[in-house]
Amino acid sequence: ARSLERFLPDEAATTQLGEDLAMAVLPGDVFLLDGDLGAGKSTLARGLIRTLAGDPAHEVPSPTFTLVQSYDTPVAVHHFDLYRLSSSDELEELGFDEAVSSGVALVEWPERAAEAMPDTSLRIAFQHEGDGRRVTITGDGPAFGRIARSLAM
Ligand code: ADP
Ligand code: MG
């Protein structure tokens, strides 16, 4: 797998990364957002979703209890939070496969259903570093190349 790293000094930088990713995503992309509570997963998701919605104030509720929130944006986005997932059957009931085929999937706590995540997923791992965060984006194939080129611009 190939990877790239970025240091995000503050919340605005995490939001900006979400906004940058929004410019490069295509339906079928799956982003696995890895990191502890408070790492910045939801902050990145919010930046990405608001950019696709074309509305910087778009309501982006946490999917903590619903497990998924879907957005009928020009490129559909499905924001999952699997922390409270009880089984892989439940993931199927949530429409995970349909979500992946119809739009972009953002998945918080993907380790709750690791075996169900597509091989083509891109992983975005957050680590605390000083007062900021270091993110490592890992993946393979055309999706990684497309995202990496877009972030380099
Ligand atoms: P998670 O979804 O991973 O639990 P959230 O995005 O809900 O995390 O919360 C992350 C917290 O960290 C928020 O308080 C946010 O302001 C802050 N934060 C996000 N990105 C950064 C960053 N790059 N540096 C410092 N603080 C950040
Ligand atoms: Mg979160």
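Leu67 is buried, because 22 other C-beta atoms lie within 10 Å. A residue is called buried if 20 or more other C-beta atoms, placed from the backbone, lie within 10 Å of its own, exposed if 12 or fewer do, and partly exposed in between. Leu67 has its place in the loop between H2 and S3, and its phi is positive, about 70 degrees, although Leu67 is not a glycine. Most residues other than glycine have a negative phi.

The structure is a predicted model, in which local features need pLDDT of at least 70 and side-chain atom pairs count only at pLDDT 80 or more, while totals for chains, interfaces and linings use all residues. Residues are numbered from 1 along each chain as its sequence is written, and chains are lettered from A and ligands numbered from 1 in the order in which they are written.

**Loop residues**

Trp109 also has a positive phi, about 60 degrees, without being a glycine. Trp109 sits in the loop between S5 and S6 and counts as buried because it has 20 C-beta neighbours inside 10 Å. Thr64 belongs to the loop between H2 and S3; it is classed as partly exposed because 13 C-beta neighbours fall inside 10 Å. Between Thr64 and Phe80 there are 8.3 Å from C-alpha to C-alpha, with the two 16 residues apart in sequence. Neighbours within four places in sequence left aside, Thr64 is in contact (C-beta atoms, placed from the backbone, within 7 Å) with Asp81, Tyr83 and Arg84.

**The sheet**

Helices (H or I, at least four residues) and strands (E, at least two) are DSSP runs, numbered from the N terminus. Two strands are taken as paired if DSSP finds at least two bridges between them. Strands of a sheet pair through backbone hydrogen bonds, either parallel or antiparallel.

Seven strands make up an open sheet in the order S1-S7-S6-S2-S5-S4-S3, and the pairing is mixed. Strand S1 (2-8) and strand S3 (68-71) are the edges; each has a single partner strand, so one side of each lacks a neighbour in the sheet. On average, neighbouring strands of this sheet are turned by 15 degrees against each other, direction ignored. Axes are lines fitted to C-alpha atoms, for helices over the stretch in contact, and angles run from 0 to 180 degrees between N-to-C directions.

| Strand pair | Sense | Bridges | Opposite residues |
|---|---|---|---|
| S6 and S7 | antiparallel | seven | Gln127 and Arg134 |
| S2 and S6 | parallel | four | Phe31 and Leu122 |
| S2 and S5 | parallel | four | Val30 and Ala105 |

S6 and S7 form a hairpin with two residues between them, and Gly130 in the turn has a positive phi of about 60 degrees. S7 has two faces: Arg133, Val135, Ile137 and Gly139 make up the covered one, whereas Gly132, Arg134, Thr136 and Thr138 make up the uncovered one.

**Helices on the sheet**

Helix H5 (residues 141-152) lies across S1, strand S6 (122-129) and S7, and runs at about 140 degrees to S7.

**Nonpolar core**

A nonpolar core is a set of buried Ala, Val, Leu, Ile, Met, Phe, Trp, Tyr and Cys residues joined through C-beta atoms within 7 Å. The largest such core has 35 residues, and those with the most contacts inside it are Phe31, Leu33, Leu48, Ala105, Leu106, Val107 and Ile124. At least two residues of this core come from each of H1, S2, H2, strand S4 (77-81), helix H4 (96-102), S5, S6 and S7. H2 gives the most, with five residues. Residues up to four places away in sequence not counted, Leu106 touches Phe31, Leu33, Ala45, Leu48, Val77, His79 and Phe80.

**Surroundings of ligand 1**

Ligand 1 is surrounded by 17 residues, of which Leu8, Thr14, Lys41, Ser42 and Thr43 are the closest; a residue is near the molecule if its C-beta atom, placed from the backbone, lies within 6 Å of it. H1, helix H2 (41-53) and S7 each supply at least two residues of this shell. By class, the shell has four nonpolar, seven polar and six charged residues. Here Ala, Val, Leu, Ile, Met, Phe, Trp, Tyr, Cys and Pro count as nonpolar, Asp, Glu, Lys and Arg as charged, and the others, Gly among them, as polar.

How values were computed
Contact = placed C-beta atoms within 7 Å.
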